[in-house]
Amino acid sequence: MNDLLTKRKVTFSSKRVLIAILLLFIGLGGQETFAQNKSLITGVVSDTKQEPLVGVTIQIKGATTGTITDFDGKYHIEAAPSDVLVFSYIGYTSQSINVENKRTINVQLQEDTQTLDELVVVGYGVQRKSDVTGSIAVTKGEDILRQQSFSALDGLKGKASGVNIFTNSGQPGGASRVLIRGQGTINSSSDPLYVVDGVMMSDFKFMNPNDIERIEVLKDASSAAIYGARGANGVILVTTKRGLKGSGVNVSYNGSVSLGTMASYMDVMNSKEWIKAFMIGQENANKYQGKDFSLNQKDYFTDPNLFDANGNPLYDTDWQKEATRNTWSHNHQLSIQQGGDNSSVGAFLNFTDQQGLMLNSYLKRLNAKVTYDADPTSWLSTGVNLMVNHTWGNEAEETGGHQMPRRSMIEMVPWMPVKFSDGKWSNSTTVSDELGLEGMANPVHVLKTQERMRYRTQVFGNAELTFHLLPGLDLQTRLGIDAHFRQWRDYSPTDLSNISFPNGRATIEDQRELLWQEETFLTYMNTFGRHRINAMMGMSWQESTYRWNWSETEGFSDDFYGTNNMEVGTIPKPPRSGFSKWAMNSYFLRGSYNYDGKYSATVTARIDGSSKFGENNKYAFFPSLGLAWQISNEDFMQNVSFINNLKLHTSYGITGNSEFATYQSLAMMGVGTTLVDDNRVPSAWPGRLSNPDLKWEKTHMFDVGLDIGMFKNRLNFEISYYNKKTKDLIMPRPIPNSTGFSSVTSNMGQITNQGIDLLINTTNITNSDFSWNTTLNMNYNKNKIDKLGENNEDVFTGPNWVSGYQTILRVGESLASFWGYEREGFWTEEDAASGKLPAGQVVGSAKRSAKKKILGKGLPDITGSFINDFTYKNFDLTIDFQYVLGVDILQQFTHSTEDRFGLTNGDKSVLYDAWTPTKKNPKTQAIRNAAQDAGQSSELDSRWVCNGSYLRLNMVQLGYTFEPELIKPLKALRIYFSANNLFVTKSSNFRGFDPEGTSQGSDKFGQNMFFFQYPKPRTFTLGVTATF
Amino acid sequence: MNIKNIFLGFISLLLTGSIISCNSFLDENPKENMSLGQFYKTAAHARSGVNNLYSAGFMNFYNANVYAGATIGWGSYLSGLFDNEYKGQEVIVQYSHELTISEANISGQMNSLWRDCYSAIGRANTALKYIPTIDDPVGFSAGEQESLLAQAKFFRALNYFHLVKVYGDVPLILDPYESLDGIYMKRTPTAEVYTQIIKDLKEASEVLKSEAFTKNGMRVSKTTAETLLADVYMQMSGYPLQENHYKDAATAARNVINSGKHSLTKNIDEDQQSAYNILRMEDNLTEYIFSKERTTSTSGFTSNWTQLSFPVYAAAWGIFKYTLTNNAFSPMPTIVNAYNPDKDLRIKERQFFFNSYEYKTDSISKFKAPAPWLYMDEEAMFETGLSGKDFPIYRYSEVLLTAAEAIAQSEGVTSEAVGYLADVRSRAYTKQTKEEIAAELTALSKDDFIKEVWAERLRELCLDHKIWDDVQRTRMYPVTSSDNKGVVSFVNVIGAKNPFGATFQEKHLLWPISDQELQRNPELNQNPGYETKD
């Protein structure tokens, strides 16, 4: 135990401080002040539904004394007849009442609808919006729901300033990335922390959007530092729906049906064009490489199944059309909310079926959520929340570089049919002519016969007890769990060329992840005259365990069994499994003080300990300070009538990032098996160097912002500037490979993100029939690497294939910088004549710079949205634009759509923009048939890169709300029609489907880099919302 | 109900709880893997550590990829004597043929070669440090501990040998790194690296069992170590060191030959039962002194070399159990013309190479360039899609040729030297007896005899990817012509033109160190001729 005490010194000393502050609180809470020579006034304060309000502040105007209501809403105070009592309560409009001769004063407080005094959810509690010193973006559940997207993240997109959500795939449940105020990490996760009803959730993507009441995004240090070591990427606080506040029953249904269509196609060659390009290639080979190829088309295309006697193609297949479909999706949400005297119940059910554009891809979700809230006694409140979420679906493969359908629907030659007349599937090699096409299964065959099922079950719940200790003082304790059970079941049949031919392949992977969290904290809110205090302190324990199992078998003689009987496969692979665990222990406090409604200060502090860190650095301290000045409440502003809200706020603080793999500080042995004497034998090797000093990534963040409300809030303007410096980046520090290791996980380097968040909200027109609101949302972010390792050496971490590493980390540059050659032109006949053509090079091939350079970057400077809402009588119309500026795209697919012609089909540019001696401004290399004469030289060069800026008409929605009289017994009914992704304006040099994307999966450097995409649909939705 | 009592009770409960749970709550106890401190405690640990070396570093350079060929073949590309149908995307082939390789344009390949060799060396160093500390008399069989150490030394030497051939001076590191102390190491002179290689190999050779690799549980044996030692001495005797160790090479090679553990595979016929076709199909012959082992009997260890036996377009015939094929090591005419088609069995169709294939009745496809038949595994190609064929690293024929050259250099053209060359040649020249061949060779001068050995090495070992090693040490480049097939002359490689018209410079005899490693280690400098001027 002595050992333990010294080791955990930080913990114990911090605990002592906590206890001291705790006791102080109790003392404060007990303080009550009585004036003399006055009479005793009593009464009850309630809300408009006659519910007693606990903790309402009652003050005598002009004095510093006051009291608050107890658990039954009762109060008593000494006051003189001439006094005025002021009743104030967070979230409600204050009321002033002259005492006169009354002895009993009962008051009903109205809920405050003014945005200024809106309550904002902050970590471990709520704050008045006017008291907030940080930058917090608030989004309501109904705004998220409007788009009827599968994922809440898609609905949140463009609604919160400074929150960049990249929808990187059109696949249902496909990849997306969330970056709050830029990317401040290299090797750790850049995802924000998701906290749902106070419990940290590890995978938020599949949550039902309808369960969400509101989302607060904590962006700056003053608000996020309360989450200490996990707050550096920002925090997304989700509050879910509960039972009805007040009494009664509310049943509502929200349903929609959507039709999705392909929004664009890539411009690939048809059969005739392909053959024409092939023949030019043969001609070029004769001309520039001294070959002696026949120039007669008939000599190459002779297979009678595919060509006529003249070598003309019999088929012209549009593979993009064949491999995709129009989709029908539907979404049903049922909410039942009940409220009673001391308790409320909520039940929420969801079924969503979303089809994907690529054949056979879909995702379905069944979601149920139950909440129960009660106040069983005057000193105790309780709440329980349980959610079970199950999704399942077949996915089309989105990562990797082999011939999966998203690629083969571009590359498959057009003169091949989907199936031959005998019912047999074609593939690229079902041709008897010696053309040398690269082997690939046809995309329709793959999509229709390959199984890639993804099952995910999430059980998420929490139970909380709130003890009302004293007026204003609550003790809350909360136990939460977030459990994920995932299963991947993949089967590839025995006839899929270049995928699973000839042996078939069945794979099952199971993952189980369980996080539990226990948090206990005290909150204290009170007002003493002009002083308003909102304080909180507490402690937290969390533990997360992750296990996985994997099994794979090949050698199937029949495709009947799939993944259902793995024993049938004769070539089993060794099974694999894994285990990891991390734990955190934290202590935190926040004190918030406001004077006279004008000056606010918030101090937060958190001590976090994590198992992931080195023995010498288990605990760290994360403080923040925020200040705000409500200028509009100053006397000198009272005459400036057009400004109704003017607030200046600033904050500084430190947050951390600990989202990286476990056990990185330890020197671990890698273990496995290898082959000796035809047998599998155990094998072990030193896997990495230890780093006992490994510690947190720390982000130092400065924020200053101005909120302006003018003309009775018809014009709202919020702007904030931030500067985020992330130091001690956890990353693989490159060390000489001669050590036997490539890197050691270290704290090194520094990244700065600085930028501006801007939100402008205007009510342009408002009258009884017609209103028009506009929201302009913008984030400007500049990302820069300030420092790297000891020698500031370049670090290469991105995808590594054509031309080696395709991204670079270099001091002075942005993260996600593309790394390749400049294309300087083409080698010409003149070069050949003058002897300048290098040995081995061919006329018409690309001329490139000698050295590689940075060709662009995948992280945008500016992102935002421009949303207009109109209402006319019962009609409403929303027009939602989203835009991205100052970014590039690395079109990795150029490697195969332009540089591998002859092996595959390619872009029309191969035929129409290729170099010839007379071509003006050629864009692609002279045609060379890859399989006939070694093909183009393919390197990552500037031809691959284009501007990635775009403007998207994200959504147009027209709704109609029926008059309540017409629809009885329904309480409310709205129908709507919406069209999503109607158009995208983009660079003319962009040759893919959609400028927003990546095919690098979760690779943090992969943003805006893609090797083919899952297309994004254009959807048309008809929906109804009804309340019973 | 007294609220304060409840509250205080609750708080004290929580604090007690927190103190209890604080006990080791944040300790890390990995269960997937052991930490280094937990490892190297038992005989089983020692075995695991050494087993790993059979699939680390240099050993992985024999893994084939249908597009890229194999790392062991990079020298074959740099020699300009082999082409790859996927040259357009496999840029190292293109830059090698243009002789425009630089620290930047093949940085990825150079980085991985360097990294893989040093990773294997680091693993060997760890094994060598900890195995002697293991006290497990029950776990180890007699002599096993020493044998494991000897194997580790062999693999350390093997990886350093490759590094020194590829890069010249390289940092010589003999202790495992366990912290960041001393990570910036200067390049050690080539001669010192060789001294250490010889020390390791001699120590290994003293302990390892005298047995053929294929009869020693596919573990390196005394003859494997001696073969490598002979090769090392040959390299040291040539460029760049030019230390005359031919006598030592001869001794090492004779140790192998006189051990009686190895023999040349014999021709049963001159068709599909020729020695070469038997080598193509069989893994357990005593001709093999060291191989990269592959198998189909357990999943995950198959070979892809058979996919390199057919041109790209052949995959479309639809007759293979592979979707992709690629003639990734297509011999250039220099090689084809090195064989005398009238005499040499190896150049006959379907021995080393083949030029056409009848893939269905009456459909004979003639290839545009010869493809390596020696890599073809029929069962894998037509039935299973899985090849378990081992790839030879050292064959007995190489030892014989090494002995012939080393003896000629140190003792003159003796009948022993002539006999060894005649052994290898007579297997191919089936129309001549060994005696007839020996008689022709005996008449040669020492220089001419040695050139005959080089020519024979070209013919016999080209598909084992040994050519570039010979060019490096001899600085002689083979020249042949279609008019005089079977005659190989040698010219100074510096100034020689490769078949693509590019001219070799002295710098090409070493490869550039990758720009990444140079950045990581400020103590390193680039090989001459590859320095970049900024």
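Tutor: Happy to! Let's start inside helix 2 of chain B, where Ala43(B), His45(B), Ala46(B), Ser48(B), Gly49(B), Val50(B) and Asn51(B) are buried. Please keep in mind throughout that this is a predicted model. Helix 2 covers residues 43-51 of chain B, and because 7 of its 9 residues are buried, the helix is largely enclosed by the rest of the structure. Here "buried" stands for under 20% relative accessible area.

What do those buried residues pack against? Their partners come from both chains: strand 31 (669-676) and strand 32 (679-686) of chain A, together with helix 6 (144-167) of chain B.

That takes us to the interface itself. Here 101 residues of chain B are in contact with 114 residues of chain A. Between them the two chains bury about 9,000 Å², with 61% of that area on carbon and sulfur atoms. If you look for salt bridges between chain B and chain A, the count is 0. Polar contacts are another matter, with 31 residue pairs found across this interface, both residues of each pair being at pLDDT 80 or more.

Now colour the side of chain B that touches chain A. The elements giving two or more residues to it include our helix 2, along with helix 1 (3-22), helix 4 (91-98) and helix 5 (107-130) of chain B. Strand 4 (353-360), strand 5 (363-372) and helix 18 (515-520) of chain B are also among them. Helix 1 of chain B gives the most, with 12 residues. By residue type, this side of chain B divides into 46 nonpolar, 34 polar and 21 charged residues.

While you have chain A on screen, here is another part of it to trace. Strand 18 (residues 327-339) and strand 19 (residues 343-355) of chain A pair in the antiparallel sense over 10 bridges, and they form a hairpin with 3 residues between them. To find your place in this pairing, pick Ile336(A), whose bridge partner in strand 19 is Ala347(A).

Strand 19 of chain A is also joined to strand 20 (residues 362-377) of chain A by 13 bridges, and these two run antiparallel.

Note on methods: Residues are numbered from 1 along each chain as its sequence is written. Chains are lettered from A and ligands numbered from 1 in the order in which they are written. This is a predicted model: local features need pLDDT of at least 70, side-chain atom pairs count only at pLDDT 80 or more; totals for chains, interfaces and linings use all residues. Side-chain values use heavy atoms; hydrogens and water are left out. Buried means under 20% relative accessible area, exposed over 50%, partly exposed in between (1.4 Å probe, protein chains only). Helices (H or I, at least four residues) and strands (E, at least two) are DSSP runs, numbered from the N terminus. Contact means heavy atoms within 4.5 Å. Buried area is the accessible area (1.4 Å probe) that two parts lose on being put together, summed over both. A salt bridge is a side-chain nitrogen of Lys or Arg within 4 Å of a carboxyl oxygen of Asp or Glu. A polar contact is a pair of N or O atoms within 3.5 Å; within protein, one must be able to donate a hydrogen and the other to accept it, and residues adjacent in sequence count only if both atoms are side-chain atoms. Ala, Val, Leu, Ile, Met, Phe, Trp, Tyr, Cys and Pro count as nonpolar, Asp, Glu, Lys and Arg as charged, and the others, Gly among them, as polar. Two strands pair if DSSP finds at least two bridges between them.
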